[in-house]
Amino acid sequence: MGIGSGLGAQIGIAAEGSYGTYGAPTKFIEFTKESLALKKTTAQSAGIAAGRLMALSSRRVVTRRESQGTLEMEVSNKGMGLLLQTLMGTTVTPVQQGVTTAYLQTHTLASVAGKSLTIQKGVPLTSGTVTDKSFVGCKITSGEFSCGVGEMLVASFEIDGKDCDEAQTLAAASYSAMSPFHFGQMALKSGTFGAETALDGIRKVSVKIERPQDVDRFYANQSALKKEPIENDQVKITGSLESDYVATTLDDLHTSDGGTSLVWEFVGPLIASTFFETFRITLPVVKLDEGPPVVDGFGVVKPTFNFTGLYDLTNLPKIEYISTDVTL
């Protein structure tokens, strides 16, 4: 008998062969919070009938179905590949590093067409029975990463899905030994692309990658379900840098509207040889939108610089992930 609370919950994911076609979960994610739910649109017949005081239950219909929600988690040293691929778009095969057990995934920004997930959620009844809710056709419309002093690196994914299927068998969850990336492993570098150097005074970093898509593709002949969302706007990358005012480096960039490359990375324990567990976001050029320092008391001046990621015509943003995962 399972545990009749959130302690007994589970999330499993699988890449789909085609949009909205259920795939049995192959990875199980350790998550901190989720809000995935079926969203339905209904219509109620309102025909007048002599003496009838209420609408008929038999005349209510479901005119469309979809699913939406968020999935939040700590970024760990294993099991992140499918989520990163669905966010970034590139089809990735992990590359073995030397003859070691370390494998590099390079998720370069690309179209997300054809990239969807089945996300199966196990929700416990108080009796301990875990109910199945399998969300199919899940597209990631944004991913946000953040880490500050004393914190874990956390991620939040916004998800749009085609439907919720409750007729599948709940997969038996299994987990690899994982550990989270955290502030003690964090570094931020800036400067010329490929020659970035450490930026002092940084207390917290956040990066949000938005993948705008038309999620309203409901047509006739689709049984009230949508077709695969299509990208309908440019990718938006934004973020913030919370800092102590130890130098004018960022302030000067704000004043001049100059560009800089940002490399935000977490380097964990050694896997083998010279290869370490790694999570790295590279933004080839960002520009600072606001955040000049102001003095609001006796304490250390702590400006927060907000930035926008842009394209330098040569290099695309990417997320690199080194783990022992042989496959996504």
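Guide: Strands here are DSSP runs of E with at least two residues, and helices are runs of H or I with at least four, both numbered from the N terminus. S142 lies in strand 9, residues 130-148. The model is predicted: local features need pLDDT of at least 70, side-chain atom pairs need 80 or more, and totals for chains, interfaces and linings use all residues. Residues are numbered from 1 along each chain as its sequence is written, and side-chain values use heavy atoms, without hydrogens or water.

Visitor: Why is S142 called buried?

Guide: Buried means under 20% relative accessible area, exposed means over 50%, and partly exposed falls in between, with a 1.4 Å probe and protein chains only. S142 has 3%, so it is buried.

Visitor: Which residues does S142 touch, not counting residues up to four places away in sequence?

Guide: Contact means heavy atoms within 4.5 Å. S142 touches L87, S156, F157, E158, K208, I209, E210 and R211.

Visitor: What makes V267 partly exposed?

Guide: Its relative accessible area is 33%; that lies between the 20% and 50% cut-offs, so V267 is partly exposed. V267 lies in strand 18, residues 259-272.

Visitor: How many helices and strands does the protein have?

Guide: The protein has 2 helices and 21 strands. Of its 328 residues, 44% count as buried. Among contacts between residues at least 6 apart in sequence, 71% join residues at least 24 apart. The C-alpha atoms fill a box of roughly 80 × 50 × 40 Å along the principal axes.
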